[in-house]
Amino acid sequence: MKSELIPIRGMTCAACARANERTVGGLAGVAKAEVNLATETLRVEYEEGAVDRAAIAAAVADAGYEAVLPPEYKTAVVPVGGMTCAACAAAVERSVRALSGVASAEVNLVSEKLTVTYDPERIRLSEIKKAVRDAGYEPRAVEAETGTDEHAKAKERDYRRLRTNFYIAAAAALPLLYIAMGHMVGLPLPQVLHPMHHPLNFALVQFALTLPAVWAGRRFYSVGFRTLLKGSPNMDSLIAIGTSAAIAYSAYSTLEIARGDASAAGHLYFETAAVIIALILLGKGLEAKSKGRASEAIKKLMGLAPSTARIVHGTEEIEIPVDEVEVGDLVRVRPGERVPVDGVVVEGWTSVDESMLTGESLPVEKKAGDTVAGATVNGTGSFVFRATRVGKDTALARIVRLVEDAQGSKAPIAALADKVSGVFVPVVAGIALAAALAWLLAGEGAVFSLRVFIAVLTIACPCALGLATPTAIMVGTGKGAELGVLIKSGTALETAHKVRAVVLDKTGTITVGKPSVTDVEALGPSGGPGSTEARDRLLALAAGAERGSEHPLASAVIRAAEERGLTVVPPSSLQAVPGRGIEAEAGGRRILVGNARMMEEKGVDTAPASGILERFFREGKTALFVAADGRLEGILAVADTVKAGSKEAVAAFRSLGITTIMITGDSRAVAEAVGREVGVDRVLAEVLPEDKASELAKLQAEGYVTAMVGDGINDAPALARADVGIAIGSGTDVAAESADIILARSDLMDAVSALALSRAVIRNIRQNLFWAFAYNVLGIPVAAGLLHLFGGPLLNPIFAAAAMSLSSVSVVSNALRLRRFRAPTARAGR
């Protein structure tokens, strides 16, 4: 099963989207077809053997729209050095054509350039250049390569065309409105155009001014009538029918004037058609501009990547396009420059601003062995790194892909709007016809009935229904990406707002994930607490004995001594006692560092530390006894410390009305101690990795909609089992694959932001849907003459058109308010 995202041109409303889904979804071999009106794309899943891209494009064309198939091949122009004759050119062509995935390769010997067309899914440009090099020639920097965002360019062209057409329609509609209505309100009108004295001139000039407006709105007619004939009418169909009726009736009245009936001058509606076209074009232009702003977040992300990279070759540095950087290349980054691709630092020291990817405002120090991500900004140092991920594999590319997928997905909340929009246009056309006939039969006359018919067709707006959900999802997921919260789908976004219980993995999520020394208790000569100097001597003694051990607790002790700047004497001999501790010789003393069992076996009296040991146990800390020459010198406490911000995040969850539950495989004592420290509501301790998912199932059985926040491979089943799985940024790829939401940073407050953002987005969608439904439910009866039935006014079709344009723009503008969403702060959660 293959999944593909195809841009569609020509869609204007939800009815267009439904028509494409119905037509493409009906093809044999197509499993799923979903249209996103906000991004104007079709996501289709199909069996490659049963149907192909051409058949899908043909189905879209049959529905009255245009599928813009992404090119399967790219074309690149590669300058080649070292060619001297036709045989050289032939050798290059032969070498490149032999590659799998190359469609064509032609060398121009005069310009010394190779033009190659290739499938980027099967072969990379770097492999083509390697083939040229293997043939004995030198490929240089790529001159130009197709593959830019043609869909984005096409949308920009569409916006410019809408703007131009609006100017043309407005330039015709304004004088037309003046001529048609001016004399009614006392405005001067040339004698030659006055309806009382020269009615035919009055009519013909209006007809002439209507033609430019009709030409400016020609797309309404070409698409509207075509989809009507195909049995899938859309908003364009409503506009085309309404304005055509007004123009046809006005043309008939003009003929009547020519035959001598001057009273027919009062039955001209040319200005109605022209002003409706101008207003709809204005609304469409504003809508297109707003939709463009809705995708600004993804454009910002894509714009972060630098265009060139500085490759280190021996003593030389060569600047090449970033697309040509290969895995393993050494890349130099100077102060203030952006890192071109992902990699590992091999030389130099600096600090890097990673805020554009993680939201972390403070620069992160980087030294040899540390990883760097493409598009992050180097600080004041210069460094060299080895490229490990390039092109579509970089962190930035993966983030962009995640956001694009989320923006193109549908949320379940859109299902009702989709169903309504599927039958909306035929129902509205039926209402318009029924209302016109009813008023005609009631004796109001043809002119009155025509106005009702046009007003109903014009005020109806399926666009607002179609844009209500996808635009909010588009802005919301984009805002999430800015905050370092990557939401994979619309479904995940909707489910997240229902979460009432969040399950937090302890290790690596609430806590740092590695042990640290928290307490150093030296025992004085009489068994009481020792001085500060005594505590430092104790820590240095333990660190000296532990040096050379690979155990995590040993690393914690050594790290604590280094942080305090203590002098550590390495041991002359070292023996690890499995399950007990370390026995070492250092400075002429026999040192023991281990647990109570080791002390007991070695005959060391631990009674003086019993009170300290009891306190450590209550606090869930691991005790390390330190003895020298058979005497207990003191005791160290080691624990996996709580991350900064975890306590505030738990409080913030509570302020959102969410129950917090910590889950861990640690002992009950350790778990309860950490739970008390951060303030979680419930603690699930001694849970085996394979049982975490079943604990989630129990919570779901209690009626909770659950979110699971974790970072490890052993969290993957639980992340998949939870209603919403949230993988924390420093976690494993397996956890990220199983999750619905990925946090770029290891900050639990970002999980709070994710759930708060989902609530804001769903609230915005509900507002949009309410407005879209309410507008149509109230507007259509008013246009049909409901107020007039009770003695009120009849809605002018011009005002109906203005209201229709306003409805779409208001829905998109409301969605754009999500760009002002602010992540909850730690203070807010207290």
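These legends describe a predicted model, first as a whole and then in close-up views.

Residues are numbered from 1 along each chain as its sequence is written, and side-chain values use heavy atoms, without hydrogens or water. Local features need pLDDT of at least 70, side-chain atom pairs count only at pLDDT 80 or more, and totals for chains, interfaces and linings use all residues.

**View 1. The whole protein chain.**
The protein chain holds 29 helices and 31 strands. Helices (H or I, at least four residues) and strands (E, at least two) are DSSP runs, numbered from the N terminus. The radius of gyration of the protein chain is 36 Å, well over the 28 Å that the globule rule gives for 830 residues, so the chain is more spread out than a compact globule. This radius is taken over C-alpha atoms, and the globule rule is 2.2 Å times the number of residues to the power 0.38. Along the principal axes, the C-alpha atoms fill a box of roughly 125 × 80 × 55 Å.

Of the 830 residues, 51% count as buried. Buried means under 20% relative accessible area, exposed over 50%, and partly exposed in between (1.4 Å probe, protein chains only). The protein chain exposes about 35,900 Å², and carbon and sulfur atoms supply 57% of that area. Accessible areas come from the Shrake-Rupley method with a 1.4 Å probe; for residues, only the protein chains shown count as cover. Among contacts with a separation of 6 or more, 67% join residues 24 or more positions apart. Contact means heavy atoms within 4.5 Å. The mean positions of the 87 positive and 90 negative charges are 5 Å apart. Lys and Arg count as positive and Asp and Glu as negative; His and the chain ends are not counted. Each charge is placed at NZ of Lys, CZ of Arg, CG of Asp or CD of Glu.

**View 2. Helix H1.**
Helix H1 covers residues 14-25. Its 12 residues should span 16 Å at 1.5 Å a residue, and its end C-alpha atoms are 16 Å apart, which agrees. The expected span is 1.5 Å times one less than the number of residues. Buried residues in H1 include Ala14, Cys16, Asn20 and Val24.

**View 3. Helix H8.**
Helix H8 (residues 235-258) has 24 residues. From first C-alpha to last, H8 reaches 35 Å, close to the 34 Å expected. H8 is mostly covered, with 17 of its 24 residues buried. Gly260 follows H8 and has a positive phi, near 110 degrees.

**View 4. Ala397 in helix H12.**
Ala397 lies in H12 (residues 395-407). It counts as buried, at 19% relative accessibility. Beyond its neighbours within four places in sequence, Ala397 is in contact with Gly391 and Lys392.

**View 5. Leu486 in strand E19.**
Strand E19 (residues 485-487) contains Leu486. At 6% relative accessibility, Leu486 is buried. Not counting residues up to four places away in sequence, Leu486 touches Ile399, Leu402, Val403, Ala481, Asp740, Ile741 and Ile742. Leu486 and Val520 are 34 residues apart in sequence, with their C-alpha atoms 41 Å apart.

**View 6. Leu778 in helix H27.**
Leu778 sits in H27 (residues 749-783). This leucine counts as exposed, at 60% relative accessibility. Leu778 and Val223 are 555 residues apart in sequence and 28 Å apart in space, C-alpha to C-alpha.

**View 7. Helix H29.**
The 20 residues of H29 (residues 797-816) should span 28 Å; the end C-alpha atoms are 29 Å apart, which agrees. H29 is mostly covered: 14 of its 20 residues are buried.
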